[in-house]
Amino acid sequence: MIKIEKRNDVSPSIYFLTPILAIFLTLFGGGIIFYVLGFNPIEALKFFFITPISDLYGFSELLVKATPLCLIAIGLSFCFKSNNWNIGAEGQLIFGGIVGGGVALLFYGHDGFYILPIIILSGAIGGMIFAMIPAVLKTYFNTNEILVSLMLVYVAKLLLDYLVVGPWSNPEGFNFPETRQFSEASRMPVLFDGLRIHAGIFITLITVFLSWLILYKTYLGFQIKVSGLSLKTAKYAGYKGKTMIIVVFMISGACAGLAGVGEITGPIGQLHRNISPDYGFTAIIVAFLGRLNPVGIIFASLVVALTYLGAETAQIFLQVPKYTGQVFQGMILFFLLGSDYLLFFKIKFLGLKKNEL
Amino acid sequence: MYLYYLILNFTTIKPILMNTKLKVSEISKIYPGCIANDKVSLEFKSGKIYALLGENGAGKSTLVKILSGVVKPDEGEVFLNNESIKLNSPLDAKKNNIGMVFQHFNLFETLSVFENLSIDSDKKNEDLRLSVYNILKKYNFKIDLDIPVLNLSAGQKQKVEIIRCLIRNPKVLIMDEPTSVLTEQETEDLFISLKQFSDEGILIIYITHKLKEVLSLCDEVAVMRKGKIVSVSKTKEEKIETLANKMVGENLSAIKKKNNNFKYSEEILKISNLNFRSEDPYETNLINLNFSLKKGECLGIAGISGNGQSELFQILSGEIITDYTSIKFRDKEISKLNPRERREYLMAFSPEDRISQAAVPELKIYENVALNNFKSSNFFEKGLVNEKKIKEHSKKILSNFSVNTDNVEMKSQFLSGGNLQKLIIGRELITSPELLVCFNPTWGLDVGAINYIHETLININEQGKSSILISTDNDELLRLSDRICVIYKGKLSKIMDVNEVTPEKLGILMGGGSID
């Protein structure tokens with residue numbers, strides 16, 4: 001007989017250490033996979049995790065990838081902490097990108113310091129509005145936000161597809177599915193010459209700080225915390241549940257929208273079909289790996305960003321497909337959930353014929 | 001003439017198919033803090049319907065859980081036809097032909113009726129279908145086997161559960177509070193079926209706290225109180241009053257200690273036209289409640305749990321907002337306000353579920369204190385948490401209400417039940433509210449904590465504050481209330497002065513009877 005029991009108290013230090021354990025288990029699991037594929041596991045892992053950040057350019061690339069991941073994950077932490085399951089950050093990112101990109105195209109050929117802030121703001125609002133769809137449907141029609149937000153991802157993707165192929169496609173672009181390159185005034189300033197790291201990182205860092213402030217120091221944050229732990233208590237305390245659902249979705253959507261607009265005005269510089277390599281979905285892993293804690297999420301975003309870079313290097317040096325990156329992301333989540341299970345529950349092995357516990 | 005009688009007798013004798021004797025002997029079960037069953041011995045014979053009667057927490061459910069193999073007794077034995085049987089799991093109960101229909105159904109809502117039946121049957125599908133059809137025909141059940149269970153009414157779902165037992169040719173059928181989710185008509189149908197089963201020799205044990213049902217359905221009745229069997233008798237020899245007395249206990253009136261010296265002064269709360277209709281079959285609809293409360297008064301609301309108390313509490317606290325209901329508190333209409341807004345008007349609430357509703361175990365003590373927040377408390381200034389203020393306030397609660405710690409940073413899951421309840425009552429009372437609504441405030445506490453809470457509640461009345469005490473504990477109600485009424489199936493009895501209330505009267509009203 002095996003009996004599974006809930007542990008009563010989990011020490012906070014172990015709670016924050018298990019993600020690190022999960023990362024090591026992922027490395028170990030990854031090593032085994034490389035070994036089975038016929039590579040020297042140590043060498044392969046070195047290509048995957050060390051080579052990409054061994055020079056300044058690589059490190060800048062790491063930050064470029066971590067910037068949107070961290071931003072989205074921070075937004076998602078508001079939703080997840082209050083028991084709202086927003087799975088559609090990818091859609092909110094794309095929609096933010098569409099709105100921001102639309103505004104950027106509107107200002108095509110114009111110059112002025114005010115253009116970029118307007119684009120960034122409109123991207124955030126775009127994401128926010130897109131996230132409000134599942135929130136409003138949940139509060140007023142009791143729909144399941146997981147399904148609605150997830151399905152809206154495909155709506156956003158198809159809309160983007162239509163726009164870059166049709167009305168917004170570059171008139172001089174030989175029918176390539178992409179828009180014009182945005183004007184210089186619509187681009188995120190690059191921080192260092194020759195590197196792609198851009199000013200979006202400051203937006204992310206400011207958002208992280210604000211989130212920490214909101215989550216831990218404000219009444220709204222307290223309400224989010226209570227609702228996440230017990231909806232019954234939140235109701236009893238008289239918190240306005242419906243308003244809160246909409247607010248957390250708005251925050252989350254705005255963050256995803258910002259990430260989208262950061263991508264298109266930053267490294268990409270135009271709209272095309274693939275403005276995001278599934279940042280919105282991967283950010284879910286980042287949020288949980290970072291324990292929904294703003295500081296934790298910063299570190300988690302760096303780790304997960306590395307899997308994107310590692311996959312690219314591995315594709316070049318080891319000729320394995322770049323989807324290996326997703327395998328690693330999947331393993332991180334798997335090992336995290338696995339160790340969480342053992343963290344919150346203990347497994348007791350009982351004798352077969354024992355009658356009494 | 002004699003011959004005629006003989007023929008008459010022959011024709012009325014029904015074929016006894018089974019002859020079952022079930023005996024429980026000296027069964028004891030002790031849970032931490034309470035003795036659920038204390039040397040319970042009972043004998044049942046087939047052909048009769050037995051009632052097991054008792055209040056909530058009397059030990060009925062534990063006993064039937066032991067009979068159905070869900071719970072193992074600490075001591076004692078069960079005999080079926082004079083043979084000792086071991087009931088280590090529900091499977092053992094099935095092997096011994098003991099069938100059980102629980103209060104809450106164990107059906108898969110999205111599967112069809114037939115799929116539900118076939119899950120725990122080892123018969124082939126065709127055989128199973130045939131035997132189910134036979135049962136349907138025999139007992140005149142009208143259920144479509146191939147529609148999903150979620151389309152069935154509560155009564156039909158219960159029939160599916162009964163069929164599930166009948167397939168196994170049970171010798172014993174145990175029904176746990178079967179009518180709590182049924183309509184009047186469904187209840188009548190159920191009784192007809194149960195009598196039919198009984199005539200066929202199935203031994204029926206019927207668990208209930210409804211006195212009327214006992215008298216109309218059952219042949220013999222065993223009454224349990226506080227884990228013990230207090231009486232076994234034939235229902236013919238009983239009346240609602242006598243059963244009520246046995247169920248509630250006669251020694252209750254002795255512990256009244258209220259000094260009834262307050263003036264019936266101004267009216268502080270007036271509820272009119274309170275109606276609540278729920279989609280959820282496990283919730284109780286409230287029907288046209290009207291009552292009012294004076295300053296300094298404690299109104300007790302008695303009743304067996306599940307008769308609408310939880311819904312009433314949530315409507316009073318503002319967790320449920322209902323249409324058309326009027327709640328006037330100190331002449332202001334507050335029926336559309338949420339709990340936080342009602343607190344601004346100096347109302348306070350202590351819900352039944354102290355572990356997962358009144359407080360959150362994972363939160364620290366001072367964070368739990370911050371749950372009861374209103375403008376003048378200044379816990380949150382300009383949207384920011386004022387931790388210092390909350391902690392000072394929490395320290396005051398801990399010392400004023402003698403909670404057994406002074407560490408406000410401690411997680412409240414480490415508080416004992418009594419200390420947690422003191423913290424909650426303290427949190428609600430430290431703001432000196434004009435009205436406290438509490439629901440089973442001493443449920444599951446030890447004697448010391450109960451006395452402390454009782455003294456606190458008496459105290460607030462003496463200070464001219466009012467309280468509504470919804471409770472399933474009659475001792476408590478008689479001790480603390482100035483006026484008492486009973487809630488039964490979502491309806492409120494007339495409100496009586498505590499001096500004219502006897503435990504007997506309470507028992508009758510709680511079981512659905514009427515007095516005068």
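Two residues are in contact if their C-beta atoms, placed from the backbone, lie within 7 Å. By that rule, residues 24 or more positions apart account for 69% of the contacts in chain B with a separation of 6 or more. This is a predicted model, in which local features need pLDDT of at least 70 and side-chain atom pairs count only at pLDDT 80 or more, while totals for chains, interfaces and linings use all residues. Residues are numbered from 1 along each chain as its sequence is written, and chains are lettered from A and ligands numbered from 1 in the order in which they are written.

**Figure 1. Chain B as a whole.** Chain B has 18 helices and 23 strands. Helices (H or I, at least four residues) and strands (E, at least two) are DSSP runs, numbered from the N terminus. The C-alpha atoms of chain B fill a box of roughly 85 × 50 × 50 Å along the principal axes. The radius of gyration, taken over C-alpha atoms, is compared with a globule rule of 2.2 Å times the number of residues to the power 0.38. For 516 residues the rule puts a compact globule near 24 Å; chain B has 26 Å, which agrees. Of these 516 residues, 43% are buried. A residue is buried if 20 or more other C-beta atoms lie within 10 Å of its own, exposed if 12 or fewer, and partly exposed in between, with C-beta atoms placed from the backbone.

**Figure 2. Chain A as a whole.** Chain A has 13 helices and two strands. Its C-alpha atoms fill a box of roughly 80 × 60 × 35 Å, again along the principal axes. With 357 residues, a compact globule would have a radius of gyration near 21 Å, and the 22 Å of chain A agrees. Buried residues make up 48% of chain A. Among contacts in chain A with a separation of 6 or more, 76% join residues 24 or more positions apart.

**Figure 3. Helices α3 and α7 of chain A.** Two packed helices are described by the angle between their axes and the distance between the axes. Axes are lines fitted to C-alpha atoms, for helices over the stretch in contact, and angles run from 0 to 180 degrees between N-to-C directions. Helix α3 (residues 56-81) and helix α7 (residues 200-217) of chain A have axes that come within 9 Å and cross at roughly 30°. That makes α3(A) roughly parallel to α7(A). Angles under 35 degrees count as roughly parallel, over 145 as roughly antiparallel, 65 to 115 as roughly perpendicular and the rest as oblique. The contact residues of α3(A) include A:Leu63 and A:Ile74, and those of α7(A) include A:Gly200 and A:Ser211. By class, the contact has six nonpolar, five polar and no charged residues. Ala, Val, Leu, Ile, Met, Phe, Trp, Tyr, Cys and Pro count as nonpolar, Asp, Glu, Lys and Arg as charged, and the others, Gly among them, as polar.

**Figure 4. Helices α12 and α13 of chain A.** Helix α12 (residues 294-318) and helix α13 (residues 324-344) of chain A pack at about 150°, with axes 8 Å apart. The two helices are therefore roughly antiparallel to each other. A:Tyr308 and A:Ala311 are among the contact residues of α12(A), and A:Phe328 is one of those from α13(A). The contact divides into five nonpolar, five polar and no charged residues.

**Figure 5. Helices α4 and α5 of chain A.** Helix α4 (residues 89-106) and helix α5 (residues 115-141) of chain A pack at an angle of about 145°, their axes 7 Å apart. Residues of α4(A) in the contact include A:Gly96 and A:Gly100, and those of α5(A) include A:Gly123 and A:Gly127. This contact has 13 nonpolar, nine polar and no charged residues.

**Figure 6. Where chain B touches chain A.** The contact takes 21 residues from chain B and 15 residues from chain A. On the chain B side, α11 (339-344), α12 (354-358) and β18 (384-385) each supply at least two residues. That side divides into 10 nonpolar, seven polar and four charged residues.

**Figure 7. Helix α10 of chain B.** Nine of the nine residues of α10 (residues 309-317) of chain B are buried, so this helix is largely enclosed by the rest of the structure. Among them are B:Glu311, B:Phe313 and B:Leu316. Just after α10(B), B:Gly318 takes a positive phi of about 95°.

**Figure 8. B:Phe102 in its loop.** B:Phe102 is found in the loop between β6 (98-101) and α4 (113-119) of chain B. B:Phe102 is partly exposed, with 18 other C-beta atoms within 10 Å. The C-alpha atoms of B:Phe102 and B:Val64 are separated by 9.8 Å, with the two residues 38 apart along the chain.
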